[in-house]
Amino acid sequence: MPTLAQSTSVEEQTLLAQLDRARMPTHIAIIMDGNGRWARERGLSVHHGHQAGRAAVKRVIKASLQLGIPYLTVYAFSTENWRRPASEVNFLMKLLEQAIEDELAELKRNGVRVRVIGRLDKKLPEALVRKVQRVIEETKHNRKLTFTVALNYGGRAEIIDAVRRLAYEAAAGRLDPHAINEENFHQFLYTNGTPDPDLVIRTGGEMRLSNFLLWQLAYAEFISTPVYWPDFDRRELIRAILEYQRRERRFGGRNGDYQSNP
Ligand code: IPE
Ligand code: IPE
Ligand code: MG
């Protein structure tokens, strides 16, 4: 992989120089939206939009590796996306399968650990689930970047699945309901072992979470950009990190120099 300095434009160099390396986000989560509008504006089918979206994922993985971001999570398919036309859903499933097939070797070479969060149940094609299990297994020892794909994922479904497991444990007498707290609840979520995102980026301009990581995003900085996902690139990622670094994270406390009312 070329180093950052070898492969950046002057504009990007300027953006890079502004980054505060001591305050980089540990975990960036992305709601990849706008594939359909990107395609429509070009007179193309939505399939072309998703295809171009796939290339953007590859760019952002590469950029995260170059910037030294240890955790990247992308929302690929929600529990609500089954409402789309069957032809689009089938295309997306095939695209995911093909992407794993094509990218596995490079992911391994680059030290990327792939995780998948969501309901890997019968709704998903068997061939895709097999590929998903293979990429998880074959990259599980990598540590440079943990790349999590939310697939057939819903924040509410995740919380319900966690609650159900807790209820079973309690009913079996292995868990005292009084012992449940925010820290150990986290262990029952799909994202167990991954720190909560610091920054969530939504492309395509909408201002909603669409059921993404409801528990984990409690204190993430939210950035919405009008850029459609297929146009998102390293430059846009750096811009989002710069915006994140301009924010003041308070976590409910009172930083800054203003006084509370007497
Ligand atoms: C996001 O792009 C991709 C997925 C949900 C899989 P969309 O397909 O939702 O794009 P828009 O919102 O229609 O432009
Ligand atoms: C959110 O995008 C889901 C993914 C990016 C996978 P949608 O396009 O499905 O969200 P809504 O329907 O606009 O809320
Ligand atoms: Mg959309």
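The space taken by ligand 2 is the largest pocket of the model, a pocket being an open set of points, on a 1 Å grid over the protein atoms alone, with protein on both sides within 12 Å along at least five of seven lines. A molecule is taken to sit in a pocket if more than half of its atoms lie within 2 Å of the grid points. The space taken by ligand 1 is likewise the largest pocket. The structure is a predicted model, in which local features need pLDDT of at least 70 and side-chain atom pairs count only at pLDDT 80 or more, while totals for chains, interfaces and linings use all residues. Residues are numbered from 1 along each chain as its sequence is written, chains are lettered from A and ligands numbered from 1 in the order in which they are written, and side-chain values use heavy atoms, with hydrogens and water left out.

Ligand 2 is surrounded by I31, M32, D33, Y75, A76, F77, S78, N81, R84, R202, R208 and S210, where a residue is near a molecule if one of its heavy atoms lies within 4 Å of it. Strand β2 (residues 71–78) supplies the largest share of this shell, four residues; strands (E, at least two residues) and helices (H or I, at least four) are DSSP runs numbered from the N terminus. By class, the shell of ligand 2 holds five nonpolar, three polar and four charged residues, with Ala, Val, Leu, Ile, Met, Phe, Trp, Tyr, Cys and Pro counted as nonpolar, Asp, Glu, Lys and Arg as charged, and the others, Gly among them, as polar. Oxygen atoms of ligand 2 are found 2.6 Å from a polar side-chain atom of S210, 2.8 Å from one of R208, and 3.2 Å from a side-chain N or O atom of D33. On its own, ligand 2 has 390 Å² of accessible area, of which the protein covers 78%; such areas come from the Shrake-Rupley method with a 1.4 Å probe.

The shell around ligand 1 consists of M32, D33, G34, N35, G36, R37, H50, A76, N81, R84 and L92. Its largest share, three residues, comes from helix α2 (residues 35–41), and it comprises three nonpolar, five polar and three charged residues. An oxygen atom of ligand 1 lies 2.7 Å from a polar side-chain atom of R37. A distance of 2.8 Å separates a ligand 1 oxygen from a side-chain N or O atom of D33, and one of 2.9 Å separates a ligand 1 oxygen from a polar backbone atom of G36. Ligand 1 exposes 380 Å² when taken alone, and the protein buries 84% of that.

N81, listed around ligand 2 and around ligand 1, is located in the loop between β2 and α4 (86–109). N81 counts as buried because its relative accessibility is 17%, the limit for that class being under 20%, with exposed meaning over 50% and partly exposed in between. A polar atom of the N81 side chain lies 2.8 Å from the backbone nitrogen of S78.

T14 belongs to helix α1 (residues 10–18), and its side chain reaches the backbone oxygen of V10 at 2.8 Å. With a relative accessible area of 44%, T14 is partly exposed. N152, in strand β4 (residues 145–153), is buried at 3% relative accessible area and has a positive phi of about 50° although it is not a glycine. F251, in the segment after α8 (234–246), is a residue other than glycine with a positive phi near 50°.

Note on methods:
A polar contact is a pair of N or O atoms within 3.5 Å; within protein, one must be able to donate a hydrogen and the other to accept it, and residues adjacent in sequence count only if both atoms are side-chain atoms. On a 1 Å grid over the protein atoms alone, a cavity is a set of points where a 1.4 Å probe fits but cannot get out, and a pocket is an open set with protein on both sides within 12 Å along at least five of seven lines; lining residues have an atom within 4 Å of a point. Buried means under 20% relative accessible area, exposed over 50%, partly exposed in between (1.4 Å probe, protein chains only).
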